[in-house]
There are 2 protein chains.
Amino acid sequence: MVSAGLESAGPANLEAFARMCRADPVLVDIGRAGDVVPGMTPGTILASGPRLDWGDYLGGARKAIIYGALFEGLATDLEDAEDKLARGAIRVEGCQDHGCIGSVAGIYTASMPVFVVENRAFGNRAFCNFYEGESRRRLNYGAYDDGVRDQLHFLADVIAPALREAVARAGGISLKPLMIRALHMGDELHSRNSAATLLFARELYPHLLGVAETDRRGVEETLRYLAGSDYFFLRLSMASSKATADPAHGIEGSSVVTSMALYSRGVAIRVSGLGEGWELGPYPQVDAKMFEGFTTDDIDWIGGESIINETVGLGGFAQAAAFPLQNYQGGSPQAMVEMNLAMYDITVGEHTDFKIPFLAYRGTPTAIDVFRVARTGITPVLDVGLAGRDGGQIGAGIVRAPIECFTNAVASYESIYGPAARRDATREDKEA
Amino acid sequence: MVSAGLESAGPANLEAFARMCRADPVLVDIGRAGDVVPGMTPGTILASGPRLDWGDYLGGARKAIIYGALFEGLATDLEDAEDKLARGAIRVEGCQDHGCIGSVAGIYTASMPVFVVENRAFGNRAFCNFYEGESRRRLNYGAYDDGVRDQLHFLADVIAPALREAVARAGGISLKPLMIRALHMGDELHSRNSAATLLFARELYPHLLGVAETDRRGVEETLRYLAGSDYFFLRLSMASSKATADPAHGIEGSSVVTSMALYSRGVAIRVSGLGEGWELGPYPQVDAKMFEGFTTDDIDWIGGESIINETVGLGGFAQAAAFPLQNYQGGSPQAMVEMNLAMYDITVGEHTDFKIPFLAYRGTPTAIDVFRVARTGITPVLDVGLAGRDGGQIGAGIVRAPIECFTNAVASYESIYGPAARRDATREDKEA
């Protein structure tokens, strides 16, 4: 196992890596998306992945956007929604162009509550909406019915206000220390967030006690929601990762990946030195554990930006911290260790704060270099939940980002910086 | 790696193993030791290990008992305490003869609060007093000063009443489900209890909300105590393990260990089929990580019954669930896995509920058979905290129970049941 090693990275990639490590994400507020998300209007719906023309959204992604329009009261029925979406009366935009990060289909509407996470090391903010709860039928998995709608209202009307007041009383909650500890307690902070949810809740409790004086029901429901949701923290780790990755974007000459997204036509990545465009690839390979009654043929690729966590050294890049994931997504502990170790071959360095106990506290492999992926053929390991053709979650597992995203990125890089720049980016003189 | 395997155990040992697995420990109350511990009188002090004559207690164990007398107001000064202890005006007895389980020196006095844990599968109860907090100077580590005394009063006067009311409102708290989950979150429930403490706290919070209506300060202090004490749950796991091991004791013909204790003259074990006596051995071997400024020469063996956890398949027998222990007690992840695997050679079976994610959810090695230890020479791995000659904790690490405890137990067994009975106990016909 040869580690990529800092010594073989060029200065632009080292800077991207260092910015990711130096991030200091803090939950500073909870607000209404329409109030706090830049550029969000009452008639805007955000969805995972690159912004597409309405006609290009397929299957569950398309349905989820329509359901978002119904939920928000932007359309009276399916036909009305289709019509308004087709003529742009309802605008669909990409989550990440608004500082947001989308779970699965990633639907944001103006009335939804969002976590506001500030990266105090750089001053930027990112946003993520709430985990809908344990039901397999959730709007972000392309499902919609009275239960889905009522739960979204419950989050906005009961949970968000109580959480918001508790966060205000706490003066913000620093997330990185919780994430560091959670990695020592079986979480990789993508498909497993059990410890982080507990640690976050412990920070809140003393403050919820004060909130209960005026909003006893809100606090009781919030305690129940926190206790029933092992995935609650996922939305906080996603907002943290988005807030962490953004300052690493836009570094001239850097070939480091600053975002990855599943979308309805495949996988897309963004690269630090390549501007705001996305490099596209086909659907990913999948090695999943399906819920009973489903096969991988039932999978619908409706999107997903939670792989922002892998982008900054978490999730699949911290698998060896989370052996309990076997039960959820299949695989053996040995395979998890091997996959995790392979990620050191395609990253710039080892995270200075996120560490893996089983690897003797080695830092997680962080900052994916598109040149290393293209050269080795080793593609990023992504821990994801899987949506079915009829909506809802139908499984979970490991997918591999397709090599085309990275080879396309290499081509774009060389068209901008010239072929010789490859060596400057990755500094692999000995191998060149 | 040959697992001991159920097929090679005799019926008496299988019964002991099955009773350990079937245990259902529930925290049902918190009470004053003098009120709830059987046979506890105002003038009784309990200490770890076999009951000794006063003159046989050495070093820190002796000091801790004297300090207990001062704390309880049973003596006016050190000389008075020595005098009363020597003539039996203050009685010293073994924790385990009263259903209690002692951490390190294991000092119990009548006014101390204790957790009351009932094993609902068998109806028996066990008790453990409270974790004193993060200070290295603690009565159970043979240290005593105003700070130690004030903290013990604080636990009795502020924490215990709030916890007691919350537990009552909860109708008791089932501990086994929390322990099962904690093993999937980096705890082995002896030297690491971080996840179990969080999980326990989460069970309490909704009920503390009600308690806060009449005892706001008690609840606020309890939240602070729970948040500051990653070892809080240790006392609950110890009481659970004592409640779990007791029903496995007294099975005719069983060579299964039902208790282990460090005491001031070495290590002692009790065996299911050998009555109430203890089998004695010398001081253990130690492989420890000492706090800065201390060496293993500074260790004082002042006692410790927390290894009841190893007796029922936790602690050292679940090391591969707790890789973060490297930081606390040294060692490599690989060494932890190897030590854990070796324990399968000396135990009757694999726990039906306590499982280790890294071992693909294999059950922890459970129910130590003295014959297997004597035959293989593999001695139990114990995760312990270490006390110094001048009081206080000075390190933590792994100790190995001495072989003599087990060879002595084999001799006792054969003197009761006859040499041929060895084969009935362990059923290793092929090897005989």
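Trainee: What should I know before I start?

Mentor: The model is predicted: local features need pLDDT of at least 70 and side-chain atom pairs count only at pLDDT 80 or more, while totals for chains, interfaces and linings use all residues. Residues are numbered from 1 along each chain as its sequence is written, with chains lettered from A and ligands numbered from 1 in the order in which they are written.

Trainee: How many residues of chain B are in contact with chain A?

Mentor: Contact means that C-beta atoms, placed from the backbone, lie within 7 Å. Here 25 residues of chain B are in contact with 25 residues of chain A. Helix 7 of chain B gives the most to chain B's side, with nine residues. Helices are DSSP runs of H or I, at least four residues, and strands are runs of E, at least two, numbered from the N terminus.

Trainee: Which strands pair with strand 1 of chain A?

Mentor: Strands pair if DSSP finds at least two bridges between them. Strand 1 (residues 25-32) of chain A runs antiparallel to strand 4 (residues 113-119) of chain A, joined by seven bridges; there, A:Gly31 stands opposite A:Val114. Strand 1 of chain A also pairs with strand 6 (residues 173-174) of chain A, antiparallel, over two bridges, where A:Val26 has A:Ser174 as its bridge partner.

Trainee: Why do strands 7 and 9 of chain B each have one side without a neighbour in the sheet?

Mentor: Chain B has an open, antiparallel sheet of three strands in the order 7-8-9. Strand 7 (257-263) and strand 9 (279-281) stand at its edges, each with a single partner strand, so one side of each is left without a neighbour in the sheet.

How values were computed. Two residues are in contact if their C-beta atoms, placed from the backbone, lie within 7 Å.
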